[in-house]
Amino acid sequence: MASKMAFVPRSISSKAGPSTAGASTSGASAAAKAAAKAAAEKKQDRMKRLRELHLRRNEARKLNHAEVVEEDKRNKLPANHEAKKRRAEWILQDEEKRKEAEAKGEDYDRMKLLDVSAEEAERWEQKKKKKNPDQGFSDYEQASFRQYQRLTKQMKPDMEEYNRQKEKMGDDLYPELNSIAQGEYKDSEEGINRMVADLDKQIEKRAKYSRRRTFNEDNDIDYINERNMRFNQKAERFYGKYTAEIKQNLERGTAV
């Protein structure tokens, strides 16, 4: 009986050995597959993040390039380009409001003054007094510049033609440093006639204010035309007392 009881455990242990080894092998294989799957998923996630980073880098590069191009374009524009553009837009808006007021039968200037306070009106008057003070004659360049400002303020732009040209030309209406607008715009007959009429008006006005200076035949002739004569007179008036002795020596031939 004892021998039979001793035989039974050996048979059981001999039968249970292979199944335990198979279970451990299958568990190791499942763990390896799980580890490989986790590694593949981790690698896929990393590749996905890497692609997103590449896309973000390319997008940032494009945005930086566009900003650099815009900054270079702004740097090449004149210093007062933005101010001119804002003033042109303000003129267009003002003309539209004026047309609306005229259509309603209202006085636009009066309606406009209703929105202006007394302090703003006083400040505007002070600006007008300081804006273009008459400093007198300094040189011909300043005189020409003042005349240019006076003439441009008198001009009344044609807003309808301006809007048509703006729709037609787009951004080329405001040329830049490298813009080529040759042949894209042709002056109208009305504009040419208006320019000719304005030039005739300037000539007529200049003829009224220009008077003939009295001519003294006894004076020395040291000029080649009337403009040079007036310049020499001014030079003589300011520096004559300093150059009188040099001039006399040159006339006598005793100058050193």
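The legends below describe close-up views of a predicted model.

In this predicted model, local features need pLDDT of at least 70 and side-chain atom pairs count only at pLDDT 80 or more, while totals for chains, interfaces and linings use all residues. Residues are numbered from 1 along each chain as its sequence is written, and side-chain values use heavy atoms, with hydrogens and water left out.

**View 1. Helix H8 and its bend at Gly240.** Helix H8 covers residues 226–252; helices here are DSSP runs of H or I with at least four residues, strands are runs of E with at least two, and both are numbered from the N terminus. A straight helix of 27 residues would span 39 Å at 1.5 Å a residue, whereas H8 spans only 27 Å between its end C-alpha atoms; the expected span is 1.5 Å times one less than the number of residues. At Gly240, H8 bends by about 90 degrees, the bend being the angle between axes fitted to the seven residues ending there and the seven starting there. Gly240 is also buried, as are Met229, Asn232 and Asn249 in this helix; buried means under 20% relative accessible area, exposed means over 50%, and partly exposed lies in between, for a 1.4 Å probe and protein chains only.

**View 2. The two ends of helix H8.** At the start of the helix, a side-chain oxygen of Asn225 comes to within 3.4 Å of the backbone nitrogen of Arg227. Just after the helix, Gly253 has a positive phi of about 80 degrees.

View 3. An α-helix has 3.6 residues a turn, so residues three or four places apart point the same way. Arg230 is partly exposed at 31% relative accessible area, and Glu226 is partly exposed at 36%.

View 4. The structure holds five salt bridges, and one of them joins Glu160 to Lys99, with the closest N and O atoms 3.9 Å apart.

Notes. Polar contact = N/O pair within 3.5 Å; in protein donor to acceptor, adjacent residues only side chain to side chain. Salt bridge = Lys/Arg side-chain N within 4 Å of Asp/Glu carboxyl O.
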